[in-house]
Amino acid sequence: QVQLVESGGGSVQAGGSLRLSCAASGSTDSIRLMGWFRQAPGKEREGVAAIYTNSGTPYYDDSVKGRFTISQDNAKNTLDLRMNSLKPEDTAMYYCAADRRCGTSWNYWGRGTQVTVSS
């Protein structure tokens with residue numbers, strides 16, 4: 001069993017920055033992949049970024065490449081998403097997720113943290 005808790009959401013103006021954090025607890029050694037997803041009103045949930053916990057290899061959606069950076073601290077069981085040059089279209093509920101395998105199941109989810117970007 002793994003528990004995930006997000007923090008760091010808030011409201012910023014376009015061009016601003018935010019840093020989201022996810023704290024993992026429980027059987028964290030079972031996690032192979034962690035990621036961030038987001039869902040805006042009226043839209044489906046989409047993947048933002050992911051990182052393999054053993055290698056640190058990151059993956060990004062095209063919409064955030066060059067602006068967002070995903071990172072981890074395995075010793076502290078935390079996951080960060082540093083968001084720069086934010087755009088109004090980045091407004092969404094952001095969720096932290098963890099997978100015991102390779103992105104096929106996404107077994108664990110946090111409750112989300114809201115990010116609002118105004119023009």
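A: Let's start with a ground rule: two strands pair if DSSP finds at least two bridges between them. Strands here are DSSP runs of E, at least two residues long, and helices are runs of H or I, at least four long, all numbered from the N terminus. This is a predicted model, so local features need pLDDT of at least 70 and side-chain atom pairs count only at pLDDT 80 or more, while totals for chains, interfaces and linings use all residues. Residues are numbered from 1 along each chain as its sequence is written, and side-chain values use heavy atoms, with hydrogens and water left out.

Q: OK, in which sense do β7 and β8 pair, and over how many bridges?

A: They're antiparallel, with six bridges linking β7 to β8 (residues 78–83). For a landmark, find Ser71: its bridge partner in β8 is Asp80.

Q: What order do the strands of that open sheet follow?

A: Read across, the four strands go β1-β3-β8-β7, with antiparallel pairing. β1 (2–7) and β7 (68–73) are the edge strands, each pairing on one side only.

Q: Now β4: why is it largely enclosed by the rest of the structure?

A: Buried means under 20% relative accessible area, exposed over 50%, and partly exposed in between (1.4 Å probe, protein chains only). In β4 (residues 33–39), six of the seven residues are buried, so the rest of the structure largely encloses this strand.

Q: And which strands does β4 pair with?

A: With β5 (residues 46–52), β4 pairs antiparallel over six bridges, and Phe37 stands opposite Gly47 there. The two form a hairpin with six residues between them, and Gly42 in the turn has a positive phi of about 80 degrees. β4 also runs antiparallel to β9 (residues 92–99), joined by seven bridges; Arg38 has Tyr94 of β9 as its bridge partner.
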